[in-house]
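User: Got a model open and I'd like to talk through some of its backbone and packing. Can you help me out?

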Amino acid sequence: METITMVAKYKTSVKEPGIPGVLKMMEDRFVFAPNDPRLSMNLNVDFRQIKGHKFSKDGSKQALLNLTQDPEKGGGYIFEFNNFPDRNACRDFVGKVLGRFQSAEKPPASRQAEQLSTKELERRMKLLTEDSELQNLHKQLVASGILMDSEFWAARKSLLDNDNYGAPKQRAGFKSAMLADVKPLADGRTNKVTFSLTAETIHQIFAEKPAVHRAFLTYVPTKMSEKDFWTKYCRAEYLHKTKNSVAAAAEAAEDEELAIFLKHDDILADEIRRKIQRVDPTLDMEADLGDDYMHRPDHGILRDGSKETVEGDNEFSRRTLSQDLNRHGSVVLEGRTLDVELGDTRTVAEALARSKQGLSTENSDENVHMEKSERVCRMTEIEDLQAPRSFPVAPLCIKDPREYFDSQQANALKTLGDNGTGMKPMDCNLSAEEAWIYLIGQISQVKVRGFNHPIVQSEAALKVLNGLNQNLSSTKYQFGKNSQESVLDRLPRKIKDDLLNHWSTIQELLRHFWSSYPITAEHLSKKVGRLKDAMTEIYVKLQEIKESVQGDFRHQVSLLVQPMVQEVIRSNLKKSFTKHMSVWRCSRCDLKSVCPTWV
Amino acid sequence: MASSAPPPKLYTDDVSLIVIILDTNPFFWGTLSNTTASNFSFSKFLNHMIPFVNSLLLLNQLNHVVLIAAGVTSCGYIYDSATAVASDGGQKVPAVCSEILSRLEEFVAKDQKLGNGDLRTVGGVMSSLFSGALSLALCYIQRVFRSGMQHPQPRILCLQGSPDGPEQYVAVMNAIFSAQRSMVPIDSCVVGMQHSAFLQQASYITGGVYLKPQQLDGLFEYFTAVFATDLQSRSFLQLPRPVGVDFRASCFCHKKTIDMGYVCSVCLSIFCKPHKKCSTCGSEISHSQTEQLDRKRKLSEV
């Protein structure tokens, strides 16, 4: 294919004047060199990075060609040409090249079957960034082309799935700030007091003050408008704040709706009574009464600049701070059960009413009563009259004891019969009779002769002590002072990291290796070939590590490396492999070349 | 026996209860004396072992030693220092020895009688019943544990010669784990030709000492230097540590020692061959599932 060379200006955005230079388009890349050699604006871009191209209309102000890199990110390479024919030549060229690339790319993309959404990619990226080990593995295996990205993730489907479904969207609960406690704002000049209510605040007021909630449902909008309702509410709150109980009483007498807000909340009181019933019956609540200083003058909690004390049984007595706090706390803990968007007050109120109804039917009084009596039983249980509690361990369950033990016995006898599996039998040239006679003879010999006179022979004892000492000092040297410390910890850091790294890589490779058997398709055999090569490389590296280590550690390292090497060799030599108790025979494949030691 | 134990003793932390398990396998001892040049025999072994028992008793007045014999067909208690003191009251050392020896003789005779009717002995069973002996030891220790708040610190010492019996694998491992649970260390001293994988694991798991003495004629020295130390003192001492432990298991089906095997995914039983059904817990291990997986994989990759 030909190349095109044009005079053009390169610019990063349309409005820039641009850098004059020469654009050269080749089969697979384009190169831009500015006329001014001092500028470092040389471009050399592969067409594969270019995803699309845009251009200005013929006859418009500028003859532009924009080679876009990423449709989402935007940005790219903008070139301005002297005239439209030049531009069009380049445009057609780029169009051809890109078309060719796309047609070349298409088939593999469709073969991959699963087109990855950006979300999926993001999840994978997240997993990789969270787990550095996984990232290393990914980098090593996928980047070097041993595994395909899809293969790598296919083995980790569960990881992706977990992330997918494991975390349902968390619902936000109530704010812990006490929004229902609306503070009036006075502007200081006039006597006007302003309350501001937001949807969130109203929701909380409904939740924490059921009486207000009920009043809202009954009065609005039949008897009064929503605005009037809240004005009344705020007025009541204000009276409450100013602690003017006389004024409150007077106003309540005049306006029965206002009185609702000032009176004790009877729904709340009911609820509290029910809750008290559910309190542990052995708890003596009356004993606490003596500790209550709230009723004394000069005692109490500081709120809004003044002490609050509980006055007698005034109908319009104020709620104390602790009551408010407790109520708020319990509502927050109950959680938000509403699924309605906050906004329209009426719908919120109705939804809240519905959810409450659901709750109240759930724990009917009967239930509560049952629970209570059960509780009493449990609390007043007399331990020594109870049967012993079962142990917290699950007993071993042998389904059919007879089958289990009989088959064990039969098998055991069988092995004894053909004798020689497992342990190497000692060649016993004694008959049973002889052996018994010998043993009894030995015992009686001791009986008759008594003990050797010096029980400890100094020579032997010395040998033993020397041997023990030597053994001890050598093991102490080899294993370090701390028995928990492993050999790995005492190796140089780099070697340790390398070993662990290789170990995890080998495991990953082996997992893929075995999972591609039996080889039924061409791509599987290709994959095995790639895995084989990768393992060969690691084998060589392991040998290098083994040789690089100095003297004392050398033995330890080779002990560590041994199982890895064996695993690699095993994977290359075994022609049949069993997994999940089923035998898969794999076609003979010549993998011997992997292992240099195997000839 | 327990009721005759003297009332409140002052058990300090260096008072030990040592249960010694003694290998009385006639085939092992017979072969040992016949074949090896080491010139070691059962009588020589007793020459080291019995003085060791005596020295244990001398180490602390309250030390308690129990001897258990592990034979080929049976195992049993040989000697209990608690009862011996109670019955003989302050006897001299030779009396203790003669008691051990005569009880040992009785045991061997009984073991022989039990074994004679059994065809297995003809084939030459080489392993002793260590699983049974370990269970006896653990039972004895449990009784001591339950005798009161204060009790001596128990440990088990295995003196094994004959090779492991892979058919006892499950029983031995169970004994080892119950010893681990009740914090009883199992010390092991192997006087035989080869290492014992069972005892290596037993000592490793329970935190005991495993030793295979090189100089059998200095056995007494090994005993006193290594195995006489009480648990309290062990924290200050450097005792021999094994270089490696043979962790191989026996399969549950044929009692073979295996390197690689199949593990039931439900109860972790070990088998040397694939089974359709686990013989321990009865779970069905279906092949169809793996085949299905296989098919799925192929479909997804093609």
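User: Where in chain B is Leu268(B) found?
Analyst: This is a predicted model, and in it Leu268(B) is in the loop between β9 (262-263) and β10 (270-271) of chain B. Its phi is positive, about 70°, even though Leu268(B) is not a glycine.

User: Is Leu268(B) buried or exposed?
Analyst: Exposed: its relative accessibility is 58%.

User: What's the phi of Met183(B), and where is that residue?
Analyst: Met183(B) isn't a glycine either, yet it has a positive phi of about 60°. You'll find Met183(B) in the loop between α7 and β5 (186-190) of chain B. With a relative accessibility of 68%, Met183(B) counts as exposed.

User: Since α7 came up, how does α7(B) pack with α8(B)?
Analyst: Helix α7 (residues 169-181) and helix α8 (residues 197-206) of chain B pack at about 20°, and their axes are 9 Å apart. The cut-off for roughly parallel is under 35 degrees, so α7(B) and α8(B) count as roughly parallel to each other. The crossing of α7(B) past α8(B) is right-handed.

User: Which residues make that contact?
Analyst: From α7(B) you have Tyr169(B), Val172(B), Met173(B), Ile176(B), Phe177(B), Ala179(B) and Gln180(B), and from α8(B) Phe198(B), Gln201(B), Ala202(B), Ile205(B) and Thr206(B). Of the residues in this contact, 9 are nonpolar, 3 polar and none charged.

User: On to sheets. What's the strand order in the chain B one?
Analyst: It's an open sheet of 6 strands, β3-β2-β1-β4-β5-β6, with mixed pairing. β3 (75-80) and β6 (210-211) of chain B are the edge strands, each pairing on one side only.

User: How many residues of β2(B) are buried?
Analyst: 7 of the 7 residues in strand β2 (residues 64-70) of chain B are buried, so the strand is largely enclosed by the rest of the structure. His64(B), Val66(B), Ile68(B) and Ala70(B) point one way, while Val65(B), Leu67(B) and Ala69(B) point the other way.

User: Which way do the partners of β2(B) run, parallel or antiparallel?
Analyst: One of each. Strand β1 (residues 16-23) of chain B runs parallel to β2(B), joined by 7 bridges, with Leu17(B) opposite His64(B). β3(B) is antiparallel to β2(B) over 5 bridges, and there Ile68(B) stands opposite Tyr77(B). β2(B) and β3(B) also form a hairpin, with 4 residues between them.

User: And how do β4(B) and β5(B) pair?
Analyst: Strand β4 (residues 153-160) of chain B pairs with β5(B) in the parallel sense, over 5 bridges. Leu159(B) has Cys189(B) of β5(B) opposite.

User: What lies across that part of the sheet?
Analyst: α9(B) lies across β4, β5 and β6 of chain B, at about 160° to β5(B). Helix α9 (residues 219-227) of chain B is mostly covered, with 7 of its 9 residues buried. Among them are Leu219(B), Phe220(B), Glu221(B) and Tyr222(B).

User: Last one, chain A. What does its sheet look like?
Analyst: It's an open, antiparallel sheet of 7 strands in the order β4-β3-β2-β1-β7-β6-β5. β4 (43-46) and β5 (52-55) of chain A are at the edges with a single partner strand each, so one side of each has no neighbour in the sheet. From one strand to the next, the twist averages 30°.

User: Which residue is the bridge partner of Lys9(A) in β7(A)?
Analyst: Glu80(A). Strand β1 (residues 4-11) and strand β7 (residues 76-81) of chain A pair antiparallel over 4 bridges.

Note on methods:
Residues are numbered from 1 along each chain as its sequence is written. Chains are lettered from A and ligands numbered from 1 in the order in which they are written. This is a predicted model: local features need pLDDT of at least 70, side-chain atom pairs count only at pLDDT 80 or more; totals for chains, interfaces and linings use all residues. Side-chain values use heavy atoms; hydrogens and water are left out. Axes are lines fitted to C-alpha atoms, for helices over the stretch in contact, and angles run from 0 to 180 degrees between N-to-C directions. Helices (H or I, at least four residues) and strands (E, at least two) are DSSP runs, numbered from the N terminus. Angles under 35 degrees count as roughly parallel, over 145 as roughly antiparallel, 65 to 115 as roughly perpendicular and the rest as oblique. A crossing is left-handed if the near helix is turned anticlockwise from the far one by less than a right angle, and right-handed if clockwise. Contact means heavy atoms within 4.5 Å. Ala, Val, Leu, Ile, Met, Phe, Trp, Tyr, Cys and Pro count as nonpolar, Asp, Glu, Lys and Arg as charged, and the others, Gly among them, as polar. Two strands pair if DSSP finds at least two bridges between them. Buried means under 20% relative accessible area, exposed over 50%, partly exposed in between (1.4 Å probe, protein chains only).
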